[in-house]
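Student: I would like to go through this model and ask what lies behind each label. Can we begin with a charged pair?

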Amino acid sequence: MAGFTEGALVKKLLELNQSQQSIQTLSLWLIHHRKHHATIVKVWFKELCKSKDNRKLTFMYLANDVIQNSRKKGPEFGREFGTVLTKAFEHMRRFDEKTRGKLVRLINIWEQRGVYDRSQIADFKGAIKGPSDSNKEPGTPPPRKKPKTEVEKVEKKERKKSETEIEVDGHKELHVTLSPRTPGGDPPETEELIKALMDLENTASSDAAVRERIASLPPEVSEVSLLANLADRTSADQLSIAVNEAAALLADYNGRLVAEMDDRRKLLTMLRDYTTAQRQLLQQAQSTLEDYKEKLRKICTVRTEVKSHISNLPDLTQLPDVTGGLAPLPSAGDLFSMHN
């Protein structure tokens, strides 16, 4: 297809960053040129191996986006990437546990969505395992169960698909965002950030009704010294019921406050990552603007020079006559009459 060259692909891969916009824009361009899928995958794998470690995960997210979004148009990319993904995972098996966890999550998504068959999924999982996973001595006790990581929590719920219309080589195409967002630097999408902000509108700390109920609890439920005032069994039973209700109310409210604190920490991380990604996009936009300003300046310079040259050129519609004045050029009919 017009507009595709291997050099152009290498350049776009070098400019790729971890932002969702950068990934989906290049993904759409690749899908648009799917006729060259074999070359695309070959160059992708070559550049993946050459790239710095902090960019390799972005290459994998790009491959995931292309594989999943191209399925409705044909199986070319899925098949072609399938021939190199095992080697790609082996290439990245030396990474830390956190990065490998993100890659395993990627494989799990492919398994859940039926992107690759069981045999290939098993190959991918085997390739990503580090030496420490396969060389454990017999009888080694299993590691103590750790709290669920952020990646595991995100795996439990599918993110809402979002469609974006992007222009690729003059053609508008609809893109469905499928690349997973993982914590620790990957920016959230705008819709995801808005939802997180809206979820904090009705928080535990702003629940005035519950706080008023807690404030109105009788002092007997929290002051041990007041137990001496109990006169009989009936009073003690009534106080016991009140204490149990107060304990349940406070336990529930404290749990909500803990959850709110956790949500606010996550939102803080999302805002930080989103701000970082927007700064990067702003820098790209500024750089692009400067490039096009320079192109406009050159074009304006050429336009001025052209006007100057035109004004200095002789008027060929006029020729000097025998008296030294200007006479109009003869028409085709005049030339024909003169010839006769």
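This is a predicted model: local features need pLDDT of at least 70, side-chain atom pairs count only at pLDDT 80 or more; totals for chains, interfaces and linings use all residues.

Student: What makes E15 and K11 a salt bridge?

Tutor: The closest N and O atoms of E15 and K11 are 2.5 Å apart. The limit is 4 Å. The pair therefore counts as a salt bridge.

Student: Why is E15 called partly exposed?

Tutor: The relative accessible area of E15 is 47%. Buried means under 20% and exposed means over 50%. E15 is in between, so partly exposed is the label.

Student: Where else is there a pair one turn apart in a helix?

Tutor: In helix α13, D262 and K266 are four residues apart, which puts about one helical turn between them. Their closest N and O atoms are 3.4 Å apart. That is within 4 Å, so D262 and K266 form a salt bridge. D262 is partly exposed at 30%, and K266 is partly exposed at 28%.

Student: Why is the pair K125 and E111 said to tie parts of the chain together?

Tutor: The closest N and O atoms of K125 and E111 are 3.0 Å apart, and they form a salt bridge. K125 sits in helix α8 and E111 in helix α7, so the bridge ties together parts 14 residues apart in sequence. K125 is partly exposed at 28% relative accessibility, and E111 is partly exposed at 40%.

Student: How many salt bridges does the count come to?

Tutor: Eleven.

Student: Now the aromatic rings. Why are F89 and F124 called a tilted pair?

Tutor: The ring centres of F89 and F124 are 5.5 Å apart, and rings pair within 6.5 Å. Their planes make an angle of 50°. Stacked needs under 30 degrees and edge-to-face needs over 60, so this pair is tilted. F89 lies in helix α6 and F124 in helix α8, 35 residues apart, and the pair links distant parts of the chain.

Student: How do you know that F89 and F124 are buried?

Tutor: F89 has 0% relative accessibility, and F124 has 1%. Buried means under 20%, so the label holds for F89 and F124.

Student: What makes W110 and F124 an edge-to-face pair?

Tutor: The centres of the W110 and F124 rings are 6.0 Å apart and the planes stand at 75°. W110 is in helix α7 and F124 in helix α8, 14 residues apart. W110 counts as buried, at 0% relative accessibility.

Student: Which residues form one aromatic cluster?

Tutor: F89, W110, Y116 and F124. The structure holds eight aromatic pairs.

Student: Which residues touch the most other members of the largest nonpolar core?

Tutor: W44, M60, F81, L85, F89 and W110, in a core of 41 residues. Among the elements giving two or more residues to this core are α1, α4 and α8. The largest share, eight residues, comes from α4. Another core, of six residues, lies apart from this one and includes A196, L200, L267 and M270.

Student: What does F81 touch beyond four places in sequence?

Tutor: V41, W44, A63, V66, I67 and Y116.

Student: Why are T58 and Y61 called buried?

Tutor: T58 has 9% relative accessibility, and Y61 has 5%. The limit is under 20%, so T58 and Y61 are buried. T58 is in helix α4, and Y61 is found in helix α4. Leaving aside neighbours within four places, T58 is in contact with L16, N17, Q18 and I23.

Student: Is L313 buried or exposed?

Tutor: L313 has a relative accessible area of 58%. Exposed means over 50%, so L313 is exposed. L313 lies in the loop between α13 and β3. With V302, V306 and I310, L313 makes a nonpolar surface patch of about 390 Å².

Student: And what of the whole chain?

Tutor: The chain has 14 helices and four strands. Buried residues make up 31% of its 340 residues.

Definitions and conventions: Residues are numbered from 1 along each chain as its sequence is written. Side-chain values use heavy atoms; hydrogens and water are left out. Buried means under 20% relative accessible area, exposed over 50%, partly exposed in between (1.4 Å probe, protein chains only). Patches are made of residues with over 30% relative accessible area and no salt bridge: like charges are joined within 9 Å, nonpolar side chains (Val, Leu, Ile, Met, Phe, Trp, Tyr) within 5 Å. Accessible areas come from the Shrake-Rupley method with a 1.4 Å probe; for residues, only the protein chains shown count as cover. A salt bridge is a side-chain nitrogen of Lys or Arg within 4 Å of a carboxyl oxygen of Asp or Glu. A nonpolar core is a set of buried Ala, Val, Leu, Ile, Met, Phe, Trp, Tyr and Cys residues joined through side-chain atoms within 4.5 Å. Contact means heavy atoms within 4.5 Å.
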